[in-house]
Amino acid sequence: MWDEELGVCLIGCGRAGMIHAANYKNQIPNARITAVVDVMESAAKRAAEKLGIDRWDTDYHEILSDRTIGAVIIVAPTDQHRQIVLDCAAAGKHIFCEKPMAMTTEECDDMIAACEKNHVKLQIGFMRRFDANFQEAKRLLDSGAIGDLVQIHSNTRGPSKPRPWMYDLKKSNGILAEVNSHDIDAIRWMAGSDMDSVYAVAGNFRNPEAKAGYPDYYDSVLMNGTMKNGVNFCIDGAAYVQYGYDAKMEIIGTKGKINVGRTDRDFVRCTTVENGQSTPFVKSWMTLFLDAYLAEDTAFVDAVRSDTQPKIGGIDGRMAVAVVEAGNRSIANSRVEQVK
């Protein structure tokens, strides 16, 4: 049991990190953001100023011995997750790690083992499980409202141009990891089963400048597969679509279907003589899932304080990485791959 106020340090002060930090500033009972870390000094200083705190560092090792910090939120680049988690676990810090969990399943296994050995919590940032609409879709599915589950189609398409480091699959694992990890986890959750096999095709259609240096980079992907329980699924992913942030799911059963996820920015539709009918599109995940981010951060603190297992743990993160690995092998080898 954790009886004191939980001091939290953010490691990685980018967009997603600052959403978490804002939650810990004043919205979560019994927890508070007390420090931030970013390798860029200007980013760390700017984040600390915005959050109204004094403590900032450029090296996360500086906070490991601080007993007032009981937990860390890791939003650093994926290829750094393993080492940060191992060091923070050894220092007794509870850990919230954003997706993707790591670059390989072997790294995930190391992270899980380190947290178990040091008796600290490990939660992975799959916020769609905390979104009220996705939770209602799960409830309807489990209630038998659409009969037996047959297929799940899920897509995430992001509007932003990838950052240069994302072109290198050795650092990013591609958009299957950076963009579609959420789809993978949400499908596993909805189906109540792990993925068994996948077949994926991909291409670079929007970022021609990356082709020379990174010929295997892709900004568009389709991945079909079968779950261990026989359910079929399809994932459609894209980066730099520009028109908006597009995340939704269609769940098909023997007696009906469920659609979840919205693309309208507001629930307002305007019709005029000049422009016809229009509805503003959702522009960013930063606004679409704000309530879900708060819910997952609150759940993490609850797990720490009550000494219970997080709802989304290391195994969930590992399984998503395993599917990404299989998908990338399928793209490279042009064949069906088993999820290992």
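The entries below go from the whole chain down to single residues.

**Ground rules**

I am working with a predicted model, where local features need pLDDT of at least 70, side-chain atom pairs count only at pLDDT 80 or more, and totals for chains, interfaces and linings use all residues. Residues are numbered from 1 along each chain as its sequence is written, and side-chain values use heavy atoms, with hydrogens and water left out.

**The whole chain**

I started with the secondary structure: the protein chain has eleven helices and 15 strands. Here helices (H or I, at least four residues) and strands (E, at least two) are DSSP runs, numbered from the N terminus.

Next I looked up the radius of gyration, which is 20 Å, close to the 20 Å that the globule rule gives for 340 residues, so the protein chain is as compact as a globular protein of that length. That radius is taken over C-alpha atoms, and the globule rule is 2.2 Å times the number of residues to the power 0.38. I also noted the box that the C-alpha atoms fill, roughly 55 × 50 × 50 Å along the principal axes.

How many of the 340 residues count as buried? I got 54%. Buried means under 20% relative accessible area, exposed means over 50%, and partly exposed is in between (1.4 Å probe, protein chains only).

For contacts (heavy atoms within 4.5 Å), I took residues at least 6 apart in sequence, and 71% of those contacts join residues at least 24 apart.

The accessible surface of the protein chain comes to about 15,500 Å², with 50% of that belonging to carbon and sulfur atoms. The areas come from the Shrake-Rupley method with a 1.4 Å probe, and for residues only the protein chains shown count as cover.

I also looked at charge: there are 39 positive and 46 negative side chains, and the centres of the two sets lie 3 Å apart.

**Cysteines**

A disulfide is a covalent bond between the sulfur atoms of two cysteines. The cut-off I used is a pair of cysteine sulfur atoms within 2.5 Å, and the structure holds zero disulfides.

Cys-108 is in no disulfide either, with the nearest cysteine sulfur, that of Cys-97, 8.6 Å away. Cys-88 is buried at 0% relative accessibility, and Cys-108 is buried with a relative accessible area of 0%.

**Val-85**

I found Val-85 in helix H3 (residues 81-90). Is Val-85 buried or exposed? Its relative accessible area is 0%, so Val-85 is buried. Leaving out residues up to four places away in sequence, Val-85 touches Ile-74, Ile-95, Met-111 and Cys-115. Met-101 is 16 residues from Val-85 along the chain, and their C-alpha atoms are separated by 10.0 Å.

Most residues other than glycine have a negative phi, and most peptide bonds are trans. I went looking for exceptions.

The peptide bond from Lys-99 to Pro-100 is cis, with omega near -15°. Pro-100 is in the loop between strand E5 (94-98) and helix H4 (105-117).

Asn-173 has a positive phi, near 65°, and lies in the loop between helix H6 (169-172) and helix H7 (175-178). Ser-334 has a positive phi too, near 55°, in the loop between helix H11 (314-333) and strand E15 (337-338). Asn-173 counts as buried at 13% relative accessibility, whereas Ser-334 counts as exposed at 57%.

**Two aspartates**

Asp-183 sits in helix H8 (residues 181-191) and is buried at 0% relative accessibility. Beyond four places in sequence, Asp-183 touches Arg-128, Ser-154, Asn-155, Thr-156 and Ile-235.

Asp-66 is in the loop between strand E3 (55-57) and strand E4 (71-74), and is buried with a relative accessible area of 18%.

How values were computed:
Lys and Arg count as positive and Asp and Glu as negative; His and the chain ends are not counted. The place of a charge is taken as NZ of Lys, CZ of Arg, CG of Asp or CD of Glu.
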